[in-house]
Amino acid sequence: MLGQSISLAILLCFVSTSFENGTFEGNSTVTVFSDGKSLENGFFNDGKLNETKVEETAEERVRVPELPEKKEETRKSDCPPVGLESLRVSDYQLQASSSLRSGLGPHRARLNVQSGIEDGDEYDGAWCAGLEDHEQWLQLDALRPTLFTGVILQGRNSIWSLDWVSTYKVQFSNDTETWSPCMNGSQELVFVGSQDQETPVLALFPEPTVAQFIRINPQSWFSNGTICLRAEILGCPMPDPDHQYPVEPERVTTDKLDFRHHNYNEMRKLMKAVSDECPEITRIYTIGKSYTGLKLYVMEISDNPGKHELGEPEFRYVAGMHGNEALGRELLLNLMQYMCHEYKRGNQRIVQLVKDTRIHLLPSMNPDGYEAAYEKGSELSGWALGRYSFEGIDLNHNFPDLNNIMWDAQELATDKKKVSNHYIPIPEYYTTTEATVAPETRAVINWMQDIPFVLSANFHGGELVVTYPFDCTRDWIPRQDTPTADNDFFRWLAAVYASTNLAMANPDRRICHYEDFQQHNNIINGADWHTVPGSMNDFSYLHTNCFEVTVELSCDKFPHASELPVEWENNKESLLLYMEQVHRGLKGVIRDKDTKEGIANAVIKVAGLDHDIRSAADGDYWRLLNPGEYRVIVWAEGYFPLVRRCSVGSDLTPTICDFSLTKTPRERIKQILAKGGKLPRDEQLRLRALRMRKLRVSTKILNRRREQQQRRAKAKRK
């Protein structure tokens, strides 16, 4: 999807304002005429360069064409990207006239490719020519006749260098011997390129051209830099009825799903359509609002929607934490459609999943960010537009950092066993109205508190890897393997998704940017990749019972709509199999031995694993575990502890392990108090509940303030 409100920097024939050493300087996307008017996003017919008459007016230097109609001026290309960014284009299809060095070769000329921290390795952030002249070129072999319709250009990704191509020409060939320039009538076109490192700039050809090869020929570049670019090329493969050109067969899907990008209103309509089609197993609810007032919608899928059933685990998928990482959003919309369709068809796998699991799908945690990226379009939103919330907050760094609270307490404690390893309370500072906590983050924390989630995954984009906690390193080390007590099970969870994802599991796939995750079987400890204090994964593990991983779904953060059917097939089995893992390990109910009532907040401890969980409001619990024999200790305030041995098998059926606790007799309580002793109290639980109440109060205050501000702003506009 090339998007709404495309800021076309279309097809400028070259207009000079100032030259230095043969390079073009100034903003050439808007040319100002002597009458004070400007031509924006247009193209000109005079391709001559004027290096000396800089005092002449624009009317003296160029012939102004007839202005195109608005519809033509903002037209979209009907052809999708050929696949430089998505990696459908292989490295061998890209060639160049020269390269500054191997790490800046033509294989790095991919839109949005990211470089490592160190310049100079094999994975730098662009193609850079080895010479600085007008004869340099980047070439794509499309492998078959292709209708080329446009080019998207971007500068070099680097924190050390400023390099981009300001203007360029385009040529076409069918044999690499004879080249035809892109023309506008009788004049060769010179296109406007980049004016910074990161903003993608689109140029659509006035006349689409059929060829097998296309070249980008830089003409000017940033005066303090050199010839460097990243690109995407738009084109449609031509029909090949005689099968002259071998093409790898693409995976196709037979699922009848809505494969396109959905903005906020379209997402709501789709969710409503699914709910109307399958009302007996679906429910739509909201958990809060974004900063601008967009609702955070959740689709629940269950055989008894709206109710927690005793013993049935709660599962969630979260997408769109970074608004520009759009694939997860569409996969969850596809998933809810698919499960509805397959449930109606009687697909027993889906029927069983719906019957035994309460599933919650949040497709857009950051709808404000998504709308910003969607407005630009999939190829033009760049690497970061829409990543942050409306307030500029990275939501994946916005949860309370409970890791360092726990580690600091362990450092200070004389007996580390007495330091809580679970249900760690939110810190006091986080509960105030002055804390920098996004409304979206507050809404998700409240959601986590209300529902006893057991397993979750959140979806990101820009890489192909599954990461597992901890995401934060100790002592602020930039990256270091920092495992949880449940490291073996987290590695299993990550491997379940990665090994069944068709893109990740492809042994021949190219690395996305500069890290080779295939050497780790496409899974990695989050902190061993890069430290992320305040992540949702770590908060979920330390504050609730829920185990959560992060899935980086695609090298391309915002893939073109034409890629969505393939991406669905890449992820369909992974999505289903990962959900089924919620049924591994132990489950049961903690009850009062006399009343048979469930006991809430009982502590379930597994010997040898330094991470406990708690029972839910009805006394039911779920402890995710790998196959094996376990010694399980359960205790609750006012009850004697109880120990049982429980065995976990290898199939996707949890072992039932119930506990009936005996209340501490009044006589025993009197004896303890008479000797000056203290009754064991669950102070951690009380503090946790107190801090959550404070967070909810401050959230309500902030929501009222924001609503008042929005009403006043709306009244002023009227």
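Which helix and which strand each supply at least two residues to the lining of the second largest pocket? They are α10 (526-529) and β22 (547-552); more on that pocket in point 3.

1. Ground rules. This is a predicted model, where local features need pLDDT of at least 70, side-chain atom pairs count only at pLDDT 80 or more, and totals for chains, interfaces and linings use all residues. Residues are numbered from 1 along each chain as its sequence is written, and side-chain values use heavy atoms, with hydrogens and water left out. Helices (H or I, at least four residues) and strands (E, at least two) are DSSP runs numbered from the N terminus.

2. Largest pocket. It holds about 1,500 Å³ of space. A pocket here is an open set of points on a 1 Å grid over the protein atoms alone, with protein on both sides within 12 Å along at least five of seven lines; lining residues have an atom within 4 Å of a point. Volume is the space filled by probe spheres set on the points, which are joined across faces, edges and corners. There are 41 lining residues, and Leu87, Arg88, Val89, Glu248 and Glu250 lie nearest the centre. Two or more of the lining residues come from each of β7 (138-154), β14 (228-237) and α12 (564-580), with β7 giving the most, five residues. By class, the lining has 20 nonpolar, nine polar and twelve charged residues. (Nonpolar is Ala, Val, Leu, Ile, Met, Phe, Trp, Tyr, Cys and Pro; charged is Asp, Glu, Lys and Arg; the others, Gly among them, are polar.)

3. Second largest pocket. Its volume is about 1,100 Å³. Of the 37 lining residues, Trp383, Arg387, Tyr514, Trp529 and His530 are the closest to the centre. The lining splits into ten nonpolar, 17 polar and ten charged residues.

4. Cavities. A cavity is a set of grid points where a 1.4 Å probe fits but cannot get out.

5. α4 against α12. The axes of α4 (residues 327-345) and α12 come within 10 Å and cross at roughly 70°. Axes are lines fitted to C-alpha atoms over the stretch in contact, with angles from 0 to 180 degrees between N-to-C directions. That makes α4 roughly perpendicular to α12 (the band is 65 to 115 degrees). On the α4 side the contact includes Leu331, Leu335 and Tyr338, and on the α12 side Trp568, Leu575 and Met579. Contact means heavy atoms within 4.5 Å. Ten nonpolar, two polar and three charged residues make up this contact.

6. α9 against α12. Here the axes of α9 (residues 487-500) and α12 come within 8 Å and cross at roughly 155°, so α9 is roughly antiparallel to α12 (over 145 degrees). From α9 the contact uses Leu493, Val496, Tyr497 and Thr500, while α12 brings residues including Asn571, Leu575 and Tyr578. The class count is six nonpolar, four polar and one charged.

7. Backbone spots to look at. A cis peptide bond joins proline 469 and phenylalanine 470, with omega about 0°; phenylalanine 470 sits in the loop between β20 (465-468) and α9. Tyrosine 423, although not a glycine, has a positive phi of about 50°, and lies in the loop between α7 (402-412) and α8 (439-450).

Note on methods
Parallel < 35°, antiparallel > 145°, perpendicular 65-115°, else oblique.
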